[in-house]
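Subject: The structure you asked about

Hi there,

Here is the structure for you to open alongside this note. Have a look at it first, and then read on for what turned up.

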Amino acid sequence: MVTEVGATLRRFSVDGRDVVHGFDVTETIKGGRGQNLIPWPNRIRDGRYTFNGVTQQLALTEPARHNASHGLARYVPWVLVEQQADTVVNRVRIHPQPGWSGTLDATITHRISAEGLMVTVEATNLSDEELPFGYGAHPYLTVGESSVDEVALTVPAASYLEVDDRLLPARLSAVDGTVYDLRRSTVLGSANLDTAMTDLTRDSDRRWRIRLTLGDRYAELWGDETFAWTQVFTGGPNRDAGVAVEPMTCGPNAFNAGPTHDDLRVLAPQETFVGQWGITGR
């Protein structure tokens, strides 16, 4: 197995076959590829939310849709804490800034073994006040396809999030009878997904698993019990760059009231969140 990471997952391959659709260290990251999304994944409407009676205004990092997107740690320096043959640990500290009042320390550990890649996320509230918190990751998986149209996808989700034209929550609906019912392996064909899903069926180890297959190849991403959501993105018009399978602790706009708000975590002072997700394949 070969993995290339900083805090960003750039490459993961097994027996010479890419399982993550990666990118070169000299390339600019596009589409969130391989990034860690802290302290919220996905979007916040208008970058605005109220927490414990205080209204906050974040920078609009997705200006075309007037949203704050994917947290505050995507383009800031991470510190390398540890590097071994099978393990890389990186840390970042998010300081108070416009739209965010606290201090959050986060550590990402990438570890490879015979079982594949495991990612452990730890986030500690270093403030004297509670903080809202969510986490997501943004890997793109591949099974050697020339187009994602060829890929068969299995997502064990019973519900999906209907969204408005800004990709923000409208309502939660059952997948039954829709293109989003991927509980059985389904070839994507022309299906165009940029969809948050939840009510995920878990195996006996409390992990849910999403699988891509093509011929004798597969790529599988799992999330532990801290991950209540996933987002699946087939690339829009760019259907040759893998399928983004994003484990998320909460859905879009979870900082605000609505159908995703119940999964928002609140970290007490000095409280630490710990979650794990991983990738296997061949």
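Let me start with charge: the protein chain has 26 positive and 36 negative charges, and their mean positions lie 2 Å apart. In that count Lys and Arg are positive and Asp and Glu negative, while His and the chain ends are not counted; each charge is placed at NZ of Lys, CZ of Arg, CG of Asp or CD of Glu.

A word on the source: this is a predicted model, where local features need pLDDT of at least 70 and side-chain atom pairs count only at pLDDT 80 or more, while totals for chains, interfaces and linings use all residues. Residues are numbered from 1 along each chain as its sequence is written, and side-chain values use heavy atoms, with hydrogens and water left out.

**The chain as a whole**

The protein chain has zero helices and 26 strands (DSSP runs numbered from the N terminus: H or I of at least four residues for helices, E of at least two for strands). Its C-alpha trace spans about 55 × 45 × 40 Å along the principal axes.

Of the 282 residues, 55% count as buried (buried is under 20% relative accessible area, exposed over 50%, partly exposed in between, with a 1.4 Å probe and protein chains only). The chain exposes about 12,100 Å², of which carbon and sulfur atoms supply 46%; these areas come from the Shrake-Rupley method with a 1.4 Å probe, and for residues only the protein chains shown count as cover. Among contacts between residues at least 6 apart in sequence, 65% join residues at least 24 apart (contact means heavy atoms within 4.5 Å).

Asparagine 67 sits in strand β8 (residues 67–69) and is buried, with a relative accessible area of 0%. Not counting residues up to four places away in sequence, asparagine 67 touches several residues, including Arg43, Asp46, Leu60 and Arg166. With arginine 166 there is a side-chain to side-chain polar contact of 3.2 Å (a pair of N or O atoms within 3.5 Å; within protein, one must be able to donate a hydrogen and the other to accept it, and residues adjacent in sequence count only if both atoms are side-chain atoms).

Threonine 87 belongs to strand β10 (residues 87–94) and is buried too, at 3% relative accessible area. The side chains of threonine 87 and aspartate 86 make a polar contact of 2.9 Å. Leaving aside neighbours within four places in sequence, threonine 87 is in contact with Glu82, Thr109, His110 and Arg111.

**Backbone spots to look at**

Where is the cis peptide bond? The bond joining isoleucine 38 and proline 39 is cis, with omega about 5 degrees, and proline 39 lies in the loop between β4 (36–37) and β5 (43–45).

Histidine 70 has a positive phi of about 65 degrees although it is not a glycine. This histidine 70 is in the loop between β8 and β9 (79–83) and counts as buried at 10% relative accessibility.

Aspartate 199 also has a positive phi, near 55 degrees. Aspartate 199 is in strand β20 (residues 194–200) and is partly exposed, with a relative accessible area of 43%.

Best wishes
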